[in-house]
Every structure is written in structure tokens, then in C-alpha cells.
Amino acid sequence: MNKHINETDIQREIERLVAKGYESAWGSPDLRQIAKHTLEINRLKKAKNAVIAGHVYQRPEILLGVSDFIGDSYKLAKDCANSKAKTIVFCGVKFMAETAKILSPEKTVLLPAPNAGCTLSDSIGASDIKKLKDKYPGAPVVTYINTSVAVKAESDCIVTSANAPKILKKLYKKHKRIIFLPDRLMGTNLAKKLNKKIGKEIILWDGTCTVHEHFDPSTISHYKRAYPGLKALAHTECSSDLISKVDFAGGTSGMLEYVKRTNAPYYLLITECGLGELARSEFPNKKFIPMCRLCKFMKFTTLKNVKTCLQNPTKNQTINVNEKLAKKALKALNKMFELAG
Ligand code: SF4
């Protein structure tokens, strides 16, 4: 144990974690062990003028124990940009930390788990977009935020799961055809929502999220029968078959908002398991039925690698983006801020 941490400090930290809803999210794990780490990390943060951004799919000890900001990749990138801290520790996956660096080039951005990739982001490269642009000249390239800097740099506008319908609707006023990348399932859901023909009015790429593509739509009716009054909520990275069976489809922030403003006896959150854990701590009086999958990339971040990264970041943990690409990517991100209002 760190010699500056005593038993009273640990007890107080355990109480703080419990008050934040840690136990309702995760049962009763070894809080003492967790408290020792979170105490040290929170002290290190202050000493280093750092803040921690935690994506909603992160482990509960990261979200409730050490995160200054919690949210989806869009909210976190904005929170980091607005922060006065010198260093940002991004608990999430690589494309998210890169987005934070694009929006905050003067800050040091650290990614505790440098191997935290994403199947959507890894499904496409800049050269793929160049080929699509040659094939469909004049069609704007609208890219989901889950992509690398190089891919964002080749795009005209970035979107999130929440603002994609609104931005596409605006762009269709000027364009007959749009290239939407890289999520095929989200693209299919958008095509249905906006009544656009796939392959003609909306050109898709074959990327998928390994977590959301595997949910089985046939199980929804089983849950609805077993839990009368249940509301099913799904992320728009799921298949359109599944989306057609749920009560709400959107991004993670939209799902939490829906839970907040409704009063159902049960909620089924069809997404990565971290969101359900967070929802249980935020809404301890509501009932959540487990149907979720883990994203292994999101779970690469642990209290241990957050601590070592704050103490002595390695080269791999320090996010650097090519300046020229970052400038182009920023243009596409700014287009999103403009069109999303
Ligand atoms: S949940 Fe899916 S989209 Fe999110 S980081 Fe994991 S693989 Fe990527």
C-alpha cells in the first residue's frame, strides 16, 4: 500500500464509492482493494493536473471511482476540450482518445490501454474512402465518429448515433446520394428511417460493431412476455430486424434519457453491459433486465493501467495525431457541430 494512505482514508473512500451507487452497480466486490487504487489515482490526478474521461462502457470502478466526465464519445470529447486540465486520461478506445486530441491539440491525451481498438474503426482505411469518392463523385462522405483520424480526415462530416438522422436529413436537401461509413447496420437503420434506397441513395460500407451485430431479435418477444410492461431499448448499431422490435433506438445517452423520463416496470438495455451497470447506479429504484454483451476492447482499461499511465505514461499510451490529418478531421467534426446545432 502507498505509505501516504492510511486505514481512515480507505474507509472514507469505501463510503464515497458506496454513496455513488457502486454496490447497486456491481454487488459487493472487494471494495477495499478498489478503494486503495481509486484513492491513489484521484491523488495522482490532482498532482498532475489531469482529468479522467470515462466512456459509459467502462468498468464501474473506473466510472464511479475515478472519472471526472462520463458519457459517450461525443460528450467526452467536448468535456475534455472544455476542461482546463493539462492532461486527459481517456478511458475508452483509441478512436475516442484521438478525437479528444483533435479537439484539444494543446493537451496531453493518454490512453491507458493502447491496444483498445474497435471493429468498426478498424473496418475501414483512408484509401477505401478515396476509392468510394472516385466511384461516386459529388456524394458527400458522412462518417460515424467511431473511426480513425485518417478516415475522419477524408470525410465531409462526422456524425454520432444520436445526431446522424438529423444531419443526414439536412444533407439530403442538397444531395441525392450520400456515402455513409463504416457501420452497415446503422446505415441500414438510417436508410429505413429516412426512406432511402441502399446502393442508390445511400452507399454503405461493410463495417459492424462486434458487440451489437450479434444480438438476436427473436429474443425480444420472450423478454416482453416474461416481464409485462418491459421497455426494450437498443443501440442503433444493432440490426434493423432487432430495431423494428424495440420501444426506443438510439445512442447510449438517448437510452439513459429514455430511462430517466419514463416509468416502466422493467427496462432491457440492448447494448454493451457497462451501460446497464451505470444505469443501475444512476437509477437504483428502476429494474434492469440483463441482456448485454461485453466489448473486450472497452474492458482493456483497468484501475491498474490508469494508475501506471498517470505515473509514467509509455510512448504507446500517449496519443499523437498527424497535424495535417488532424486539421482535416477537425473540419469534418466542426461540420457536425454546425449541422447538429
Ligand atoms: S462496443 Fe463496438 S463500437 Fe464500441 S468500441 Fe466496442 S467494438 Fe467498437
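Helices (H or I, at least four residues) and strands (E, at least two) are taken here as DSSP runs, numbered from the N terminus. The structure is a predicted model, in which local features need pLDDT of at least 70 and side-chain atom pairs count only at pLDDT 80 or more, while totals for chains, interfaces and linings use all residues. Residues are numbered from 1 along each chain as its sequence is written, and side-chain values use heavy atoms, with hydrogens and water left out.

With a relative accessible area of 5%, Glu-237 is buried (buried means under 20% relative accessible area, exposed over 50%, and partly exposed in between, with a 1.4 Å probe and protein chains only). Leaving aside residues up to four places away in sequence, Glu-237 touches Leu-120, Tyr-144, Asn-146, Asp-183, Leu-185, Met-186, Cys-209, His-212 and Glu-213, where contact means heavy atoms within 4.5 Å. From C-alpha to C-alpha, Glu-237 lies 24 Å from Phe-283, and the two are 46 residues apart in sequence.

Thr-236 also lies in the loop between S9 and H12. Its relative accessible area is 13%, so Thr-236 is buried. The partners of Thr-236, again not counting residues up to four places away in sequence, include Leu-185 and Met-186, together with Ser-161, Asn-189, Ile-243, Ala-249 and Gly-250.

Ala-139 sits in the loop between helix H7 (126–135) and strand S5 (141–144), and is buried at a relative accessible area of 10%. Beyond residues up to four places away in sequence, Ala-139 touches Asp-156, Arg-177 and Ile-179. Ala-139 and Lys-176 are separated by 37 residues in sequence and by 7.9 Å in space, C-alpha to C-alpha.

Met-291 belongs to the loop between strand S12 (288–289) and S13, and its 10% relative accessibility makes it buried. Residues touched by Met-291, not counting those up to four places away in sequence, are Phe-215, Asp-216, Thr-219, Tyr-223, Leu-268, Leu-269, Ile-270 and Thr-271. Met-291 and Thr-119 are 172 residues apart in sequence, with 21 Å between their C-alpha atoms.

The cysteines come next. How many disulfides does a search of the whole structure find? The search finds one, formed by Cys-273 and Cys-292, whose sulfur atoms are 2.2 Å apart. The link of Cys-273 and Cys-292 is right-handed, with 95° about the S-S bond. The pair links distant parts of the chain, 19 residues apart, with Cys-273 in helix H14 (residues 273–282) and Cys-292 in strand S13 (residues 292–293). Cys-273 counts as buried at 11% relative accessibility, whereas Cys-292, at 34%, counts as partly exposed.

Cys-80 is in no disulfide, and the nearest cysteine sulfur, that of Cys-91, is 10 Å away. Cys-80 is buried, with a relative accessible area of 0%. Cys-309 is likewise in no disulfide, its nearest cysteine sulfur being that of Cys-91 at 7.8 Å. At 0% relative accessibility, Cys-309 counts as buried.

Finally, helix H9 can be followed through two packing contacts. H9 (residues 164–172) packs against helix H10 (residues 184–194) at an angle of about 60°, with the axes 11 Å apart. Axes are lines fitted to C-alpha atoms, for helices over the stretch in contact, and angles run from 0 to 180 degrees between N-to-C directions. H9 and H10 are therefore oblique to each other (angles under 35 degrees count as roughly parallel, over 145 as roughly antiparallel, 65 to 115 as roughly perpendicular and the rest as oblique). On the H9 side the contact involves Ala-164, Pro-165, Leu-168, Lys-169 and Tyr-172, which meet Leu-190, Lys-193 and Leu-194 in H10.

The axes of H9 and helix H16 (residues 323–340) come within 9 Å and cross at roughly 90°, which makes H9 roughly perpendicular to H16. Here Lys-166, Ile-167, Lys-170 and Leu-171 of H9 make the contact with Met-336, Leu-339 and Ala-340 of H16.

Key
Disulfide = S-S within 2.5 Å.
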